[in-house]
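User: I am new to reading protein models, and I would like to learn how to look at one feature after another. Could we go through one together?

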Amino acid sequence: MTVPSNSPGADLFGEPVPLPPQRFEARLAGTLIADGAGFETHAVPSLSVTLEGVPGDRHAGHARPADSRVPWYPRGTPIRNARQLSIVAPDELAEIARRLGVPEVRPEWIGANLVIEGVSRLTRLPPGTRLHFAGGAALVVEGENAPCRHAGRAAGDHFPSQEELDLAFVRAAKGLRGLVAWVERAGDLLAGTGIDVRVPEQRLWTR
């Protein structure tokens, strides 16, 4: 077996050595909710989550209708909701803003629920990473939140002089848009408290 160039090496049987699990502390810098008619969220001191997500938030629910992100199902088909919460990082938002040439991109403009500090390259956290919060809640990372024109349009509304910011956002935010996650354990998410981040062992799958 040929070991990929980015692999940490091979074991005695020629199999790629997996990246070991990691555990470290981060900080929940902000909590937000989309409980109005629009896409944007607004800051609140804390969120109480159930297994359906954030009560009252537009993305809450055990199921959601299939959309353009899952084209293998007819649009509107009920599927499991693995996108209950949206998570972003301040440093990644700052880099998106730099690429767009705008002063800032705020979490609420693009519908974020949680702002997390202290995780290098947050968007690259692998699926299955668990986030254990001081208030008892636990989330599981489903994967990267791919940037879309909808979020870009929401951000662009704050810079009307910038033309086609919705399209530019899709390019600028690639790999920086943050994560989506679902609730594994109900509890509270308290802004300003710590997070126990648990990254699983990672193996590169190749055919």
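This is a predicted model: local features need pLDDT of at least 70, side-chain atom pairs count only at pLDDT 80 or more; totals for chains, interfaces and linings use all residues.

User: Which residues have the most contacts inside the largest nonpolar core?

Analyst: The general idea is that, in soluble globular proteins, nonpolar side chains tend to be buried together. Here the largest nonpolar core has 26 residues, and those with the most contacts inside it are Ile87, Leu114, Ile116, Leu131, Leu139 and Leu189. Several strands give two or more residues to this core, among them S1 (22-33), S7 (114-117) and S9 (138-144). A second, separate core has 23 residues, including Leu32, Leu93, Val115 and Ala154.

User: What does Leu139 touch, if residues up to four places away in sequence are not counted?

Analyst: Among the residues that Leu139 touches are Leu85, Ile87, Leu114, Leu131, Phe133, Trp182 and Val183.

User: Which residues of S3 lie on its covered face, and which on its uncovered one?

Analyst: In a regular strand the side chains alternate between the two faces of the sheet. In strand S3 (46-49), Leu47 and Val49 form the covered face, whereas Ser46 and Ser48 form the uncovered one. S3 is joined by four bridges to strand S11 (residues 187-190), and the two run antiparallel, with Ser46 standing opposite Leu190 in S11.

User: Is Ser86 buried or exposed?

Analyst: A residue counts as buried when its relative accessible area is under 20%. Ser86, which is found in strand S6, counts as buried because its relative accessibility is 8%. Leaving out residues up to four places away in sequence, Ser86 touches Gly111, Ala112, Asn113, Leu114, Asn145, Arg177 and Leu179.

User: Where is Gly136 found, and how many residues apart in sequence are Gly136 and Leu189?

Analyst: Gly136 is found in the loop between S8 and S9. Gly136 and Leu189 are 53 residues apart in sequence, while their C-alpha atoms are 7.9 Å apart in space. Beyond its neighbours within four places in sequence, Gly136 is in contact with Arg185, Ala186, Gly187 and Asp188.

User: What volume does the largest pocket have, and which residues are the closest to its centre?

Analyst: The volume of the largest pocket is about 560 Å³. It is lined by 26 residues, of which Arg58, His59, Asp67, Arg69 and Arg83 are the closest to its centre. By type, the lining of the largest pocket divides into 10 nonpolar, nine polar and seven charged residues.

Key. Residues are numbered from 1 along each chain as its sequence is written. Side-chain values use heavy atoms; hydrogens and water are left out. On a 1 Å grid over the protein atoms alone, a cavity is a set of points where a 1.4 Å probe fits but cannot get out, and a pocket is an open set with protein on both sides within 12 Å along at least five of seven lines; lining residues have an atom within 4 Å of a point. Grid points are joined across faces, edges and corners, and a volume is the space filled by probe spheres set on the points. Ala, Val, Leu, Ile, Met, Phe, Trp, Tyr, Cys and Pro count as nonpolar, Asp, Glu, Lys and Arg as charged, and the others, Gly among them, as polar. A nonpolar core is a set of buried Ala, Val, Leu, Ile, Met, Phe, Trp, Tyr and Cys residues joined through side-chain atoms within 4.5 Å. Buried means under 20% relative accessible area, exposed over 50%, partly exposed in between (1.4 Å probe, protein chains only). Contact means heavy atoms within 4.5 Å. Two strands pair if DSSP finds at least two bridges between them.
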